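Here is a friendly briefing to read alongside the sequence and the 3D view. Keep both open as you go through the points.

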Amino acid sequence: MKIGVLALQGAVTEHIRSVERAGAEGLVVKQVEQLDELDGLILPGGESTTIGKLMRKYGFMQPIRDFAAKGKPVFGTCAGLIVMAERISGQEEAHLELMDMTVSRNAFGRQRESFETDLPVKGIDETVRAVFIRAPLIESVGEQVEVLSTYKGEIVTARQGNLLACSYHPELTDDYRLHSYFVDMAQSYKQSLQNQ
């Protein structure tokens, strides 16, 4: 299993470490051609506007849309969640427009309001350690989107088929179970291809 981490900005090495602890091979993705060899792709945190600009500059927008359209799993964390959303509150233009959700940037406040918590996530046995840093929020989701976890009534983890998104940074803890969940999604996709 090869899981790529888009390396335009953000906590790339931390995601690679979590992917490898989850039993897959982690690859740093800097060129569009690398997408062909991947079983799954992680869009890490950082600053969503900057990531969006860099994705456009280096020609990643349509190739990542095509990657997702094939059924290959894509996982967005924090800013990566914003980049995946169809709608961004207060902005006319979104980025990849992959997931049927409306998100709000910096919904949990500025950096001084960052915090950690233990979060129950549907499909994972015990609570997941979640680090929120200037975190976005999923304001609303479409019918195809399954809410996997909420924090104080707000949606912070969601899945739409082969797409997974969370408001927080799972890679900044020693808890790699959300990455294991994603690796399992990639494994299921690969098996479905072999069964065709």
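In helix 2, the buried residues (under 20% relative accessible area, with a 1.4 Å probe and protein chains only; exposed means over 50%, partly exposed in between) are Ser48, Ile51, Gly52 and Met55. Viewed down the axis of helix 2, these buried residues fall within an arc of 100 degrees, so they line one face of the helix. The model is a predicted one, where local features need pLDDT of at least 70 and side-chain atom pairs count only at pLDDT 80 or more, while totals for chains, interfaces and linings use all residues. Residues are numbered from 1 along each chain as its sequence is written, and side-chain values use heavy atoms, leaving out hydrogens and water.

**More on helix 2**
- Helices (H or I, at least four residues) and strands (E, at least two) are DSSP runs, numbered from the N terminus.
- The arc is taken from the directions that lead from the helix axis to the C-beta atoms.
- An α-helix has 3.6 residues a turn, so residues three or four places apart point the same way.
- On the other side of helix 2, you will find Lys53 and Lys57 exposed.
- The cover over the buried residues of helix 2 includes strand 1, helix 3 and helix 4 (79-84), where contact means heavy atoms within 4.5 Å.
- At the start of helix 2, a side-chain oxygen of Glu47 comes to within 3.2 Å of the backbone nitrogen of Thr49.

**Helix 3**
- Which residues of helix 3 are buried? In this helix (residues 61-69), they are Met61, Ile64, Phe67 and Ala68.
- Looking down the axis of helix 3, its buried residues fall within an arc of 130 degrees, so they line one face of the helix.
- Among the elements covering them are strand 1 (2-6), strand 3 (40-43), helix 2 (48-57), strand 4 (74-77) and strand 12 (163-166).
- Just after helix 3, Gly71 has a positive phi of about 100 degrees.

**Aromatic rings**
- A search of the whole structure finds five aromatic pairs (rings of Phe, Tyr and Trp, using its six-membered ring, with centres within 6.5 Å; planes under 30 degrees apart count as stacked, over 60 as edge-to-face and the rest as tilted).
- Phe115 and Phe132 form a stacked pair, 4.7 Å centre to centre with 10 degrees between the planes.
- Phe115 lies in strand 7 (residues 115-119) and Phe132 in strand 8 (residues 128-132), so the pair ties together parts that are 17 residues apart in sequence.
- Phe115 is partly exposed, with a relative accessible area of 22%, whereas Phe132 is buried, at 1%.
- Ring pairs link Phe115, Phe132, Tyr151 and Tyr168 into a cluster.

Terms used. A polar contact is a pair of N or O atoms within 3.5 Å; within protein, one must be able to donate a hydrogen and the other to accept it, and residues adjacent in sequence count only if both atoms are side-chain atoms.
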